[in-house]
Amino acid sequence: MLYVWCAISGLFLCSMAVFLMAVRAAARVAKFEKSIHDMDWEAVARITGDIGSVKRSIQQVNNRINGMETSKGGQAAALAAAQALQLRQQQGTSQNVSILGG
């Protein structure tokens, strides 16, 4: 008999919890509907346009930042090329270039 009473009370507590969750969900839906009651399609279009322009601005800034971080050629490669040129000039070796034809 004790098990039956525990099962019934447990089920009652669960059903009360579900009922309270349903009441809370209904209150949230009512609050949401009240907040968008005055919103018309024109306001939605303005908000959508504003979001699009902000998104484009953020993308442009990100592209600029990425361009600053990864420059073409790289400073290390330019320094290595300059050192190699200086070394070739010091050794006195030059490439023989001949123009054929005319």
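**From fold to patch**

Modeller: Along the sequence, the protein reads α-α-α. That pattern goes with 3 helices and 0 strands. Both are DSSP runs numbered from the N terminus: helices are H or I with at least four residues, strands are E with at least two. This is a predicted model, where local features need pLDDT of at least 70, side-chain atom pairs count only at pLDDT 80 or more, and totals for chains, interfaces and linings use all residues. Residues are numbered from 1 along each chain as its sequence is written, and side-chain values use heavy atoms, leaving out hydrogens and water.

Of the 102 residues, 1% count as buried. Buried means under 20% relative accessible area, exposed over 50%, partly exposed in between (1.4 Å probe, protein chains only). The accessible surface comes to about 10000 Å². Carbon and sulfur atoms hold 65% of that area. Areas come from the Shrake-Rupley method with a 1.4 Å probe; for residues, only the protein chains shown count as cover.

Now the part itself. Phe12, Leu13, Met16, Phe19, Leu20 and Val23 make a nonpolar surface patch of about 620 Å². Patch members have over 30% relative accessible area and no salt bridge; nonpolar side chains (Val, Leu, Ile, Met, Phe, Trp, Tyr) are joined within 5 Å, like charges within 9 Å. A salt bridge puts a side-chain nitrogen of Lys or Arg within 4 Å of a carboxyl oxygen of Asp or Glu.

Take Val23 from that patch. Val23 sits in helix H1, residues 2-35. Its relative accessible area is 43%, so Val23 counts as partly exposed.
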